[in-house]
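Subject: Structure handover

Hello,

Here is the structure we talked about. Please have it open while you read the notes below.

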Amino acid sequence: MKKFWNKRIGVIVALVLAAVSPLILQRPEAISRSGADEVLVVITPHNETIRSEFTAAFNSYWQKKTGKKVYVDWRTPGGTAEIRLVLDSKFANANGGGVGMDVFFGGGDYIFEKMAKLGRFEKLDVFSSHENWFNGELAIPQNYTGESYFSKDKYWVGVCLSQFGICYNVDNLERLQIEPPKTWDDLSDPKYFGSIAMADPTKSGSIARAFEMLVQQKIHTSLAETRRQAGETEEMRSQRAIGYGWANGLNLIQKIAANARYFTDAATKVPHDVSQGDAAAGMCIDFYGRAYNEKLKKADGSSRLQWMAPEGGTSLCADPVAVFKGAPNSKLAQGFVEFLLSDEGQALWNKRVGSEAGPSRRALRRLPIRPSVYTPQNLADFTDPEVKPYAVPPQFAYQPELTGPVFGALRYIIKSMCVDAHHELKAAWVALVMYDMPEM
């Protein structure tokens, strides 16, 4: 009888623990708006993991510094394309005043530079309060791999680094008998037919930049390999080579698009579908790929989702932050920028869960922008200690004059050429493969 009751009690205890464990173990709720001393309104394309980790870390930082609690009001209308539409609308109706938001956090330098030229940002205090971050041997460089890391006029500054590349599913590649990709060209292999996840470049700024990197690499190769013809000046040779590079780049994009299973409006869908096995590979920005790699890691450290940077095919871009002109809480907004570039804020981007100054739930798998943060002590706790962006000479240097002036047009060229004509493109690809790729 005693054994019977012991078993029943054990079952009851187990049921009670199962019911209350989520309440006991859940993270404390973020500070509510009513319980906060100050409110910071931030518009961002960043995902929930980044928002959650930086909310907690900034609150800790700000309370130590000022004794005040902050409620971070995140506004997430979508990617950079959607954010630009929102901001254009708000500023058009602002009549010279503010737009009710303090900070723009995340996205490419392209949109930040556009906004700065329209006079929508105020100058950042960190350039004067922390001059050592921008001057000296271990300072943030003004330019690196051809990319700008902060505004010359001090209206925005990069806080972490991004690369464009390829995510792939190890199991799917094994099934298709394909070696892991090393270059952009590898995605044009007909073996990938119907197995590549793609995003519409008119909807995703990150995918548009990935396509631009691909075209730039083809132009760089063409400039290096094209020889001057008789009676041709160097300028004429250069222009001819650039033309060849553009043609080769667009041709490669067509081939990759012909292998695509679909074109989605959301760049985040690409690594998700690749991780689930619904696609074998896809083009995506590094932190999307690394986030899924982290999410799917097994006990032995392996993951079915891998991400790689194409050899000599991508630059290191800055992911910026800026303070809006007329920000409701300008001082707090400037403090947020300072935190993002502080030792604590920088380390958070790549620290392991549970490490000192690291994230509490999931590693962010992003690269800090300050060279001085890559110390042996920090690297020992980094999730990607082998990735040292400033340690080796870059293989690729972005040249904005080659593609920058027509970046917007390139997005719509690809849409017309590949997205709108996807059905016809796939049919033509099947016919070419069927006849062993006949010479044109």
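Start with two helices. The axes of helix α3 (residues 80–92) and helix α4 (residues 109–117) come within 11 Å and cross at roughly 10°. Axes here are lines fitted to C-alpha atoms, for helices over the stretch in contact, and angles run from 0 to 180 degrees between N-to-C directions. That makes α3 roughly parallel to α4 (under 35 degrees counts as roughly parallel, over 145 as roughly antiparallel, 65 to 115 as roughly perpendicular, the rest as oblique). The crossing of α3 and α4 is right-handed (the near helix is turned clockwise from the far one by less than a right angle). On α3, the contact uses Thr 80, Arg 84, Leu 87 and Asp 88. On α4, Tyr 110, Ile 111, Lys 114 and Met 115 take part. Contact means heavy atoms within 4.5 Å.

Two notes on the basis. This is a predicted model, where local features need pLDDT of at least 70, side-chain atom pairs count only at pLDDT 80 or more, and totals for chains, interfaces and linings use all residues. Residues are numbered from 1 along each chain as its sequence is written, and side-chain values use heavy atoms, with hydrogens and water left out. Helices (H or I, at least four residues) and strands (E, at least two) are DSSP runs, numbered from the N terminus.

Among the contact residues are Phe 54, Phe 58 and Trp 62 of α2, and Leu 332, Phe 336 and Phe 339 of α11.

Now the strands. In β1 (residues 38–43), five of six residues are buried (under 20% relative accessible area, 1.4 Å probe, protein chains only). β1 pairs in parallel with β2 (residues 70–75) over six bridges; pairing needs at least two DSSP bridges. The chain goes from β1 through α2 (residues 48–66) to β2, a right-handed β-α-β crossover (clockwise from first strand over helix to second, with the strands pointing away from the viewer). β1 also runs parallel to β3 (residues 103–105), joined by two bridges. Which residues face Val 42? Trp 74 is its bridge partner in β2, and Val 103 stands opposite in β3.

Last, α9 (residues 269–276). Val 270, Pro 271, Asp 273, Val 274 and Ser 275 are buried there. Elements packed against the buried residues of α9 include β8, β10 and α10. Gly 277 follows α9, with a positive phi near 90°.

Best wishes

Note on methods. Buried means under 20% relative accessible area, exposed over 50%, partly exposed in between (1.4 Å probe, protein chains only).
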